[in-house]
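Student: Please show me the model, and then we can go through some of its local geometry.

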Amino acid sequence: MVNLDLSQTSLRLERHSSARNKAVASAPISAGEVMLTVPALSTALLQSEKGRRCDHCHRLASDDIRLRKCTGCAAYWYCGTKCQSVQWKAHHKRICKQYPRFTVSEDYQALLSHDQVDAFLLSHLLGDVFSSGRYALTSSEDGPLGIFMDLMKGPLAHATSIPVCAGPPGTDTPQVGIADDLYSRFGNNNFVVHSHLNSYAHGIFPLASRLFNHSCAPNAVTKYIITPSEPVRMQCAALRDIAEGEEVTIPYLDPALPVETRQQALQMNYGFSCSCASCCVNERIHPVPPPSRGSAELDDFERALRRYVLGDAGRVVRLREDTDLLQKMPVEFAAVLHESYLPQLSETFSRTSHEGPYGEALSTGLTLLALYSLVYPVNYPQIGMHALELAKTAWNAAVTHTEPEAASALKSDARSFLLIATHVLNIYGEEGDEGGPLAEIRVLGEILGLP
Ligand SMILES: C[S@@+](CC[C@H](N)C(=O)[O-])C[C@H]1O[C@@H](n2cnc3c(N)ncnc32)[C@H](O)[C@@H]1O
């Protein structure tokens with residue numbers, strides 16, 4: 001086994017009954033603490049981000065940051081000569097000339113867009129390996145590549161391969177063996193890189209893959225740090241206090257997806273059935289369709305749901321810190337787990353928060369906050385992002401209201417939503433592109449007179 005240096009972390013590896021190993025806290029970890037930072041071994045931007053971000057460090061183009069495109073392939077963009085030269089030496093010199101022919105090839109065109117990104121992720125990784133003078137790989141490699149080669153292969157490992165755009169020196173024929181060997185670890189070990197929760201790239205972070213198992217009720221999450229001229233880094237942050245000896249888990253997929261969708265995706269892409277606390281709820285509660293939208297029955301149901309999750313503190317909304325709200329949920333709320341409920345609620349909120357009526361947006365948004373607090377673990381960033389949207393909606397409602405008392409009550413609603421957003425998103429911390437939700441919170445907080 002590769003020697004893993006965990007001395008800079010508060011983690012240690014222990015045996016897991018079915019997943020080989022698990023990462024556990026080697027000392028108590030506090031909510032918001034970053035327990036691991038891992039630089040990317042390789043990344044590839046989504047097609048939609050090409051020309052918007054530097055292909056090497058992922059900085060966004062702006063008035064101050066002009067990207068220049070590679071004159072060879074006209075498909076890679078850089079924020080400066082440092083990024084261009086690092087990437088040229090690492091892999092672009094093996095990709096540049098082949099790029100136009102590769103991207104129109106039948107093999108590449110036949111791939112789904114997700115796999116097209118992975119074809120470039122693999123090409124970049126392969127280019128890096130060839131540039132370092134190696135044409136075969138084992139898990140005895142040093143450093144991150146050795147950790148990557150020691151990762152468990154995914155369930156699709158033997159069923160699939162993918163075309164690549166990176167030949168060894170003097171030829172443009174890829175070495176199939178080594179490409180397949182690397183690709184066999186892709187499906188269950190890669191990450192979707194995001195900024196402010198919007199996906200923009202795929203990336204490989206071997207130490208994080210080696211350490212973290214999945215849970216739909218995780219106690220930690222990943223985020224990505226963009227630094228000019230450097231490869232993006234992944235950080236793993238605790239969502240809540242984690243006791244010494246407790247397993248640290250992250251979500252491999254969105255915990256708010258219906259349980260059947262989660263189980264199918266985990267089985268297909270990672271080869272296991274999840275038995276986390278959140279999945280176990282479905283053994284007890286079977287989702288039923290919610291009452292129809294606009295009915296009095298739905299109003300009663302949602303009022304009761306809000307009371308169960310958010311309590312009865314009048315206008316001041318506070319999130320409960322209980323981590324087992326979903327597990328203890330009464331069966332009468334079974335409809336919240338139905339696959340149609342969350343999409344309907346979030347569609348109504350997003351439409352009415354833009355177009356009005358604001359009253360409907362606020363009550364739907366409050367129900368959505370209650371639902372998110374049930375299906376996501378405490379302090380999950382989506383809860384904070386939604387609370388920020390609610391704060392902005394309440395503020396918009398306040399400034400358009402002509403009646404002073406109602407406007408003042410709406411401003412106080414905006415403050416209470418903003419306090420929730422601040423608490424949750426401060427735990428997640430700074431990440432991704434400049435600006436973003438924490439900057440928005442500061443601006444709205446000043447307007448609302450919050451300290
Ligand atoms: C990224 S690796 C996780 C690290 C792995 N535990 C190891 O020792 O290398 C992903 C693989 O771990 C296993 N795994 C992750 N989470 C699991 C869970 N909750 N239950 C069972 N197996 C899990 C699956 O085999 C999955 O394909």
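What follows is a set of questions with answers.

Tutor: This is a predicted model, in which local features need pLDDT of at least 70, side-chain atom pairs count only at pLDDT 80 or more, and totals for chains, interfaces and linings use all residues. Residues are numbered from 1 along each chain as its sequence is written.

Student: Is threonine 249 buried or exposed?

Tutor: Threonine 249 sits in strand 12, residues 249-250; strands are DSSP E runs of at least two residues and helices H or I runs of at least four, numbered from the N terminus. A residue is buried if 20 or more other C-beta atoms, placed from the backbone, lie within 10 Å of its own, exposed if 12 or fewer, and partly exposed in between. Threonine 249 has 21 such neighbours inside 10 Å, so it is buried.

Student: How far apart in space are threonine 249 and valine 24?

Tutor: In sequence, threonine 249 and valine 24 are 225 residues apart. Their C-alpha to C-alpha distance is 8.7 Å.

Student: At what angle do the axes of helix 11 and helix 12 cross?

Tutor: Axes are lines fitted to C-alpha atoms, for helices over the stretch in contact (C-beta atoms, placed from the backbone, within 7 Å), and angles run from 0 to 180 degrees between N-to-C directions. The axes of helix 11 (residues 341-355) and helix 12 (residues 358-375) come within 9 Å. They cross at roughly 145 degrees.

Student: Which residues of helix 12 does helix 11 meet?

Tutor: On the helix 11 side, the residues include Leu342, Leu345 and Phe349.

Definitions and conventions:
Two residues are in contact if their C-beta atoms, placed from the backbone, lie within 7 Å.
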